[in-house]
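Let me put the sequence and the model up on the screen, and then we can walk through it together.

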Amino acid sequence: MLNARDQEAVRQEFAKIAGPVKLVVFSQELVAGDLCRQNETLVREVAALSDQISVEVLNPAIDRERAEAYGVSEVPAIAVEGARDYGIRFLGVPSGYEFSNLIDSIIVASTGEPALSEATKTSLAGLASDVEIKVFSTPT
């Protein structure tokens, strides 16, 4: 899925990876076979560009407890984990503009530190409770 130029660009970005990252892919052939295969192929190609990235594929119909623990009920989906699960999820195939967000999330998860300004960190520290942010996009 990735041409040679894209692979080289991703390798250069992955030089910033600071620790191991696991991409947990949720896939179910009977529900969305074509999209799930496309998602798995993309994730495996990305993971092959760094020895710091591993891939685990789960079927939410079979691995129900794990899917519930990740809060995933739809396929295809990806959970990005670094030293711990930071709650980063991609629903659908991260193509187009979302591909760069996948690469950025891998780097951020590897460091355990968000790339935020001190002012933003201070503002977030003042929140009274956890906030769930969802970003929706359409394929480009």
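Before going on, a word on the source. This is a predicted model, where local features need pLDDT of at least 70 and side-chain atom pairs count only at pLDDT 80 or more, while totals for chains, interfaces and linings use all residues. Residues are numbered from 1 along each chain as its sequence is written, and side-chain values use heavy atoms, with hydrogens and water left out.

Is Gln28 buried or exposed? Gln28 counts as buried because its relative accessibility is 17%, and buried here means under 20% relative accessible area, with exposed over 50% and partly exposed in between (1.4 Å probe, protein chains only). Leaving aside neighbours within four places in sequence, Gln28 is in contact with Gly33, Cys36, Asn59, Pro60, Ala61 and Val75; contact means heavy atoms within 4.5 Å.

Now let's zoom out to the whole chain. You can count five helices and four strands, and read along the sequence they follow the pattern α-β-α-β-α-β-β-α-α. The radius of gyration is 15 Å, close to the 14 Å that the globule rule gives for 140 residues, so the chain is as compact as a globular protein of that length. That radius is taken over C-alpha atoms, and the globule rule is 2.2 Å times the number of residues to the power 0.38. Along its principal axes, the C-alpha trace spans about 45 × 35 × 30 Å.

Of the 140 residues, 34% are buried. Among contacts between residues at least 6 apart in sequence, 70% join residues at least 24 apart. The accessible surface comes to about 8800 Å², and 52% of that belongs to carbon and sulfur atoms. Those areas come from the Shrake-Rupley method with a 1.4 Å probe, and for residues, only the protein chains shown count as cover.

Next, please find strand E3, residues 77-81. How many of the five residues of E3 are buried? Five of the five are, and E3 is mostly covered. In a regular strand the side chains alternate between the two faces of the sheet. In E3, Ala77, Ala79 and Glu81 on one side and Ile78 and Val80 on the other are all buried, which leaves both faces covered.

E3 also has strand partners. Five bridges join E1 to E3, and these two run antiparallel; two strands pair if DSSP finds at least two bridges between them. Five bridges also join E3 to strand E4 (residues 85-91), again antiparallel, and a hairpin connects E3 to E4 through three residues. Within these pairings, Val80 stands opposite Ile88 in E4, and Lys22 stands opposite Glu81 in E3.

That last pair brings us to charges. The structure holds ten salt bridges, a salt bridge being a side-chain nitrogen of Lys or Arg within 4 Å of a carboxyl oxygen of Asp or Glu. Lys22 forms one with Glu81, the closest N and O atoms being 3.8 Å apart. Lys22 lies in strand E1 (residues 21-26) and Glu81 in E3, so the pair ties together parts that are 59 residues apart in sequence. Lys22 is partly exposed at 26% relative accessibility, whereas Glu81 is buried at 13%.

Another one links Arg37 and Glu29, with the closest N and O atoms 2.1 Å apart. Arg37 is partly exposed at 39%, and so is Glu29 at 49%. Salt bridges that share partners also join Lys22, Glu56, Arg66 and Glu81 into one network.

Finally, which residues form a nonpolar patch on the surface? They are Leu116, Leu124, Leu127, Val131, Ile133 and Val135, with about 600 Å² of accessible area together. Patches are made of residues with over 30% relative accessible area and no salt bridge: like charges are joined within 9 Å, nonpolar side chains (Val, Leu, Ile, Met, Phe, Trp, Tyr) within 5 Å. Leu127 has its place in the segment after helix H5 (118-125), and with a relative accessible area of 44% Leu127 is partly exposed.
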